[in-house]
Structure formats: C-alpha cells, structure tokens
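Please look over the model below before reading on.

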Amino acid sequence: MRSSRIQKGFTLIELMVTVGIFVFMTALLLAKYNNFNSGTLLTNLAYDVALTLRQAQTYGLSVVNSQQSGANFSKAYGVYFVDESAEYTFFVDFNTKAFNTEGILNDTNDAIESISKYTLKRGATVTGLCAVNDTICSSSDFNKTHLGITFKRPDPDAIIKASTDGSNWDTYNHAEIRVSQNGVHRIIKVNSYGQIGIQD
C-alpha cells in the first residue's frame, strides 16, 4: 500500500502575486513619503521667510540701530522680493526711498544698508508676488515683479509697496509671496496691520 504524501508550500504564481503586492505597496509609500518630505521642506522655507519678515518688524519697532544710522533709531527695516528669484533681501531704509525707478533696492547715496541676503534652498523660488487693497489675492493678482515690506517705529503697521513694471511703486494693504518647489506651493501673507501668516 502506497502512502500518498501531500506537499505543502506556495506555487510560483502565488509567490509572484505576493511579491507584486509588496512591490506596489512599497512604491506607493515611497511616492507619498517624497511628496510629504517635499511639502515639509517647503513649509520650513516659507516659515524662514516669515521669520525674516518678523525680524524686520522687530527691528523696525525696537531700538536696533544700523552701522550707518548711528544713534538714529527711526529708520525703517524691511524685506525686498523679486518675482522668479531664489533670493530676498533684509535691509534698513535710511531715507524712505529704498526703491529706485528701476524697481531695485536703491543702494546708492546711502539710501539703504543691506543687512542680509537670503537664498531659498533646494531649488525653491519665489513664483508669485501679489499686493492688493483687499484681504485676499486671486490667482490673477500675482502680477507684481517687485515687492517691499517695511516697518518703521512707532507704527507697528506694515508698509507694503509693490510694482508691476519696476518703476511705478504703489502702496497696498495686503501682500502675498508664493514660494514653490517641485510643483508644491506655500504662500506667506502679510497685511497692513503687521500680521504675518503661512498658507498651504
């Protein structure tokens, strides 16, 4: 009498299906992790920009003096942005004429003193500047090429100036700076009351 043996184990098809499911789940997790990681890094960069604006506000309202201003503590401090750039500048304004007719920081005739130049890391850039007299920017309002936000004591309000052509500067009540990296965007909002916030 023969004893029939039953062999236990996986067939080749079952093994291939199991490995396929494992590979699919791993790829899905890695893709989600990369998106999460990119979004987190960009959020941190947006907070760095907001902190620079907050620093300008603190300097403008406190008794911080600059190298050229000496004992004169009434100068304005601000941050200057250019659209499609990875840099922004933290500066002190000596004669309230920080921006020249070409829409760039007027660093001639002791008009300003550049305190720090910052570069957005990991390929992030400023991809939109908005300045309006409303409380929110629509997508069509991101048409400014230059934006300067300054703070001067004793008024805690932000002085928001922007230009679409680099020569005609106007004053606004609300500004938004959009920073982007790999198709992900974050928006830094500043209103004339000096409130600064981040939006996804």
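Numbered points on the core and the surface follow.

1. This is a predicted model: local features need pLDDT of at least 70, side-chain atom pairs count only at pLDDT 80 or more, and totals for chains, interfaces and linings use all residues. Residues are numbered from 1 along each chain as its sequence is written, and side-chain values use heavy atoms, without hydrogens or water.

2. Ile-188 sits in strand 9, residues 184-191 (helices, H or I, of at least four residues and strands, E, of at least two are DSSP runs, numbered from the N terminus). Ile-188 counts as buried because its relative accessibility is 0% (buried is under 20% relative accessible area, exposed over 50%, partly exposed in between; 1.4 Å probe, protein chains only).

3. Beyond four places in sequence, Ile-188 touches residues including Ala-46, Leu-53, Ile-177 and Ile-198 (contact means heavy atoms within 4.5 Å). Thr-43 is 145 residues away in sequence, yet 10.0 Å away C-alpha to C-alpha.

4. The largest nonpolar core has 31 residues (a core is a set of buried Ala, Val, Leu, Ile, Met, Phe, Trp, Tyr and Cys residues joined through side-chain atoms within 4.5 Å). Among those with the most contacts inside it are Leu-53, Phe-81 and Ile-188. Helix 1 gives the most to this core: seven residues.

5. A second, separate core has five residues, including Cys-130 and Ile-187.

6. Which residue contacts does Ile-149 make, leaving aside neighbours within four places? Among them are Leu-53, Tyr-77, Ile-177 and Val-190.

7. Val-19 lies in helix 1. Val-19 is partly exposed, because its relative accessible area is 45%.
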